[in-house]
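Have the structure open while you read.

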Amino acid sequence: MGSVESAKKDANGGLLEKNPTVVFVLGGPGSGKGTQCANIVENFGFTHLSAGDLLRAEIKSGSENGTMIQNMIKEGKIVPSEVTIKLLQKAMQENGNDKFLIDGFPRNEENRAAFEKVTGIEPAFVLYFDCPEEEMERRLLSRNQGREDDNIETIRKRFKVFLESSLPVINYYDAKGKVRKIDAARPVEEVFETVKGIFAPKTEKAE
């Protein structure tokens, strides 16, 4: 009587009663994934979680955990996967929704393995915004948001880091047939048409 169900919950560390739908969103700097995430939230009822935003919010909160994260970043160290995953896990538990876009994570293969191990969740699929380096550079340089890291050298470095660390993650999920690759060099509206085609059938089936 329901013992299998409760056993499954316990194995999951009591993460969430309902098995959430998780979509990883990956794309290099300037690939336009932030804009598309906002569109998906608005049209398909997902909750958008950004690993970077959660880390920044934790630092701002002044908690012990936040101070530790801040010190690691100051020293140029990489924040351990578990720390980021616990923040994502907490955000999912507190949110109450069961459909999440996780943006900018997993950044590397170690993140990916740790996420599945800690949460017991495998993503439904990975949304990969594929954009040529020249187009990303053009977008970032014309963005003029006053981000000091938007100069040509830094942009190239960020792009290289993205490729080196994220491609193994994309290849891993691709081998499982879970990557939805999107040509992100096109105008925003066209890109969203493709995105809609990916999410719409899934949403209908879920109803």
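Which residues does Asn111 touch, not counting residues up to four places away in sequence? They are Ser81, Ile85, Phe105 and Pro106, with contact meaning heavy atoms within 4.5 Å.

## Ground rules

This is a predicted model, so local features need pLDDT of at least 70 and side-chain atom pairs count only at pLDDT 80 or more, while totals for chains, interfaces and linings use all residues. Residues are numbered from 1 along each chain as its sequence is written, and side-chain values use heavy atoms, with hydrogens and water left out.

Asn111 sits in helix α6, which covers residues 109–119. Helices here are DSSP runs of H or I with at least four residues, strands are runs of E with at least two, and both are numbered from the N terminus. With a relative accessible area of 8%, Asn111 is buried. The cut-offs: buried is under 20% relative accessible area, exposed is over 50%, and partly exposed is in between, using a 1.4 Å probe and protein chains only.

One of the neighbours gets a polar contact too: the side chains of Asn111 and Ser81 meet at 2.8 Å. A polar contact is a pair of N or O atoms within 3.5 Å; within protein, one must be able to donate a hydrogen and the other to accept it, and residues adjacent in sequence count only if both atoms are side-chain atoms. Asn111 also carries the UniProt feature "binding site", from an unreviewed entry. UniProt positions follow the numbering used here, feature names are shortened, and annotations may be inferred rather than shown by experiment.

## Another annotated set

The unreviewed UniProt entry also places "binding site" at Gly30, Ser31, Gly32, Lys33, Gly34, Thr35, Arg143 and Arg186. Take Lys33, found in helix α2 (residues 33–44). Is Lys33 buried or exposed? Lys33 counts as buried, because its relative accessibility is 17%. Leaving aside residues up to four places away in sequence, Lys33 touches Val25, Leu26, Gly27, Asp103, Gly104 and Phe129.

Arg186 is in the loop between β5 (179–183) and α9 (188–206). At 23% relative accessibility, Arg186 counts as partly exposed. Again skipping residues up to four places away in sequence, Arg186 has Arg139, Val191 and Thr194 as contacts.

## The sheet

Now for the strands. What order do the five strands of the open sheet take? Reading across, you get β2-β3-β1-β4-β5, with parallel pairing. β2 (47–50) and β5 are at the edges with a single partner strand each, so one side of each has no neighbour in the sheet. On average, neighbouring strands of this sheet are turned by 25 degrees against each other, direction ignored. Those axes are lines fitted to C-alpha atoms, for helices over the stretch in contact, and angles run from 0 to 180 degrees between N-to-C directions.

Strands of a sheet pair through backbone hydrogen bonds, either parallel or antiparallel. Here, two strands pair if DSSP finds at least two bridges between them. β1 (residues 21–27) pairs with β4 (residues 125–130) in the parallel sense over five bridges, and β1 and β3 (residues 99–103) pair in the parallel sense over five bridges as well. Val25 stands opposite Asp103 in β3 and opposite Leu127 in β4, while Leu26 stands opposite Tyr128 in β4. β1 is mostly covered, with six of its seven residues buried.

Ile59 lies in helix α3 (residues 51–60) and is partly exposed at 21% relative accessibility. The contacts of Ile59, not counting residues up to four places away in sequence, are Gly66, Ile69, Gln70 and Ile73. Ile69 is 10 residues from Ile59 along the chain, and their C-alpha atoms are separated by 6.7 Å.

Ser61 is in the loop between α3 and α4 (64–74), partly exposed at 49% relative accessibility. The Ser61 side chain reaches the backbone oxygen of Glu58 at 2.6 Å, and a polar atom of that side chain lies 3.2 Å from the backbone nitrogen of Ser63.

## Cysteines

How many disulfides are there? The count comes to zero, where a disulfide is a pair of cysteine sulfur atoms within 2.5 Å. Cys37 is buried with a relative accessible area of 0%, and Cys131 counts as buried at 3% relative accessibility.
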